[in-house]
Amino acid sequence: MKRTALIVAALVGAVVLLPGCMEVEQTATPSKQGKYQGKPDATPWSNEPLAMGPKWSKGDRASWEEQIKKRQLGQHEDRRIYQ
Amino acid sequence: MARMKFLSDAERCIECNGCVTACKQENEVPWGVNRRRVVTINDGVIGAEKSISVACMHCSDAPCMAVCPVDVFYRTDDGVVLHDKDLCIGCGYCFYACPFGAPQFPQAGAFGLRGKMDKCTFCAGGPEPDKSEAEFKKYGRNRLAEGKLPACAEMCSTKALLGGDGDVISDIYRERVTRRNKGFEAWGWGTAYGPGGKPGAAPAAAGKKS
C-alpha cells in the first residue's frame with residue numbers, strides 16, 4: 001500500500017514538475033526592418049479645438065488644414081503691408 | 001496634403017535667438033539640449049555675415065529614419081518626422097546620419113551616458129495621447145493639435161523663419177524674393193524687406209569688420 005502511494009506520488013510529481021524542465025515556447029514578433037515599431041499616434045485634427053483659438057470640425061482633416069493654412073499665410077507680412 | 005517644413009531666410013535672420021528661446025520655453029527642453037539653434041557664418045564681416053535657424057528639417061526621405069536600428073521613427077500624415085522615445089536605445093546613429101545635427105542626447109549619467117534622443121517635433125508632440133501630461137514630458141507641447149504652428153516660427157520677429165506646408169511657405173518666400181530691392185545693395189534692409197523702405201547711410205566697403 002505504502003509502495004503504491006509512493007509510486008502515485010512520484011508520478012503526480014513528475015507530471016507537475018517535468019513541464020518546468022521543458023523549453024518555454026517563445027513567440028517573439030519579428031521586427032520588420034524599416035517599419036515603425038512604436039506606438040500609434042493620433043492626428044491633430046482628431047482633437048477638439050481649444051475654446052479660445054483656431055476652429056475646425058473635430059475629425060475633419062480638410063477643415064483643420066484650411067485653418068492651419070490661414071495661419072501659415074499670416075506669416076506673409078509683405079502681403080499684410082502692401083495690401 | 002500638407003508637408004510641414006521650415007524655411008529660414010538668411011537675409012532676414014538677425015541672430016536674435018528668439019526661435020531658440022521660444023522652443024526652449026514652449027517645450028520645456030532640458031538643460032544641455034537645443035532642439036533649435038542659430039548658425040552664423042562670417043561673423044562680424046559687413047555684408048557677408050549670414051545667420052540661419054536650424055533644427056530638424058523633417059526630411060521627406062529622412063536619413064535618421066533610414067539608419068535607426070530599432071525603427072522608432074515615423075512620419076505623420078502632415079510630413080512631420082517624429083519618434084517613439086520608449087523604444088529609443090540612445091545609440092546615436094541618427095545623430096551621425098543627420099546633416100543638420102538635429103538629434104540631441106541629454107547627458108544623463110556621470111560618464112557622459114547618452115539618454116534617449118530628443119529633437120524638434122514641429123510642435124506636434126509624439127506617440128502619446130494628444131495634449132497629455134506624458135506627451136508634454138517626453139516630447140513637448142502639441143501645438144498642431146491646438147491648430148497652431150511651431151512656436152519658433154510664430155515667434156520669429158523678422159519672419160526669417162517660416163513654418164508650415166512646404167508649398168505655402170515657399171510661395172511666401174518666392175514672393176518675398178521677387179519684391180526684394182537689388183538696386184542699392186544686394187543685402188540690407190531693402191533686400192530683406194523690399195522696396196519702399198528708406199535705407200540708412202551707405203555701409204562701409206564689404207569685408208571690413210563691424
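**Figure 1. Confidence along chain A of the predicted model.** Chain A has a mean pLDDT of 84, with 88% of its residues at 70 or more, pLDDT being the predictor's confidence in each residue, from 0 to 100. This is a predicted model, in which local features need pLDDT of at least 70, side-chain atom pairs count only at pLDDT 80 or more, and totals for chains, interfaces and linings use all residues. Residues are numbered from 1 along each chain as its sequence is written, while chains are lettered from A and ligands numbered from 1 in the order in which they are written. Among the elements of chain A, the lowest mean pLDDT, 66, belongs to helix α3 (residues 77-82) of chain A, and the highest, 94, to helix α2 (residues 61-73) of chain A. Where pLDDT is low, the predicted coordinates should not be read in detail.

Figure 2. Helices (H or I, at least four residues) and strands (E, at least two) are DSSP runs, numbered from the N terminus. Chain A holds three helices and zero strands, in the pattern α-α-α along the sequence, whereas chain B holds seven helices and six strands, which run β-α-β-β-α-β-β-α-α-α-β-α-α from the N terminus on. A residue is buried if 20 or more other C-beta atoms, placed from the backbone, lie within 10 Å of its own, exposed if 12 or fewer, and partly exposed in between. Buried residues make up 11% of the 83 residues of chain A and 37% of the 210 residues in chain B.

**Figure 3. The side of chain A that touches chain B.** In this view, 30 residues of chain A are in contact with 35 residues of chain B, two residues being in contact if their C-beta atoms, placed from the backbone, lie within 7 Å. The elements giving two or more residues to this side of chain A are α2 and α3 of chain A, and α2(A) provides the largest share, eight residues. By class, this side of chain A has eleven nonpolar, eleven polar and eight charged residues, where Ala, Val, Leu, Ile, Met, Phe, Trp, Tyr, Cys and Pro count as nonpolar, Asp, Glu, Lys and Arg as charged, and the others, Gly among them, as polar.

Figure 4. In strand β1 (residues 4-8) of chain B, five of its five residues are buried. In a regular strand the side chains alternate between the two faces of the sheet. Both faces of β1(B) are covered, with M4(B), F6(B) and S8(B) buried on one side and K5(B) and L7(B) buried on the other. β1(B) pairs in the antiparallel sense with strand β6 (residues 161-165) of chain B over five bridges, pairing requiring that DSSP find at least two bridges between two strands; K5(B) stands opposite G164(B) in β6(B).

**Figure 5. The surroundings of C68(B).** C68(B), found in the loop between α2 (63-67) and β4 (73-75) of chain B, is buried because 23 other C-beta atoms lie within 10 Å. Not counting residues up to four places away in sequence, C68(B) touches F73(B), Y93(B) and C94(B). C68(B) and C91(B), 23 residues apart in sequence, are 8.7 Å apart in space, C-alpha to C-alpha.

**Figure 6. K159(B) and its contacts in both chains.** K159(B) lies in the loop between α5 (151-155) and β6 of chain B and counts as partly exposed because it has 19 C-beta neighbours inside 10 Å. Not counting residues up to four places away in sequence, K159(B) touches Q75(A), E77(A) and R12(B).
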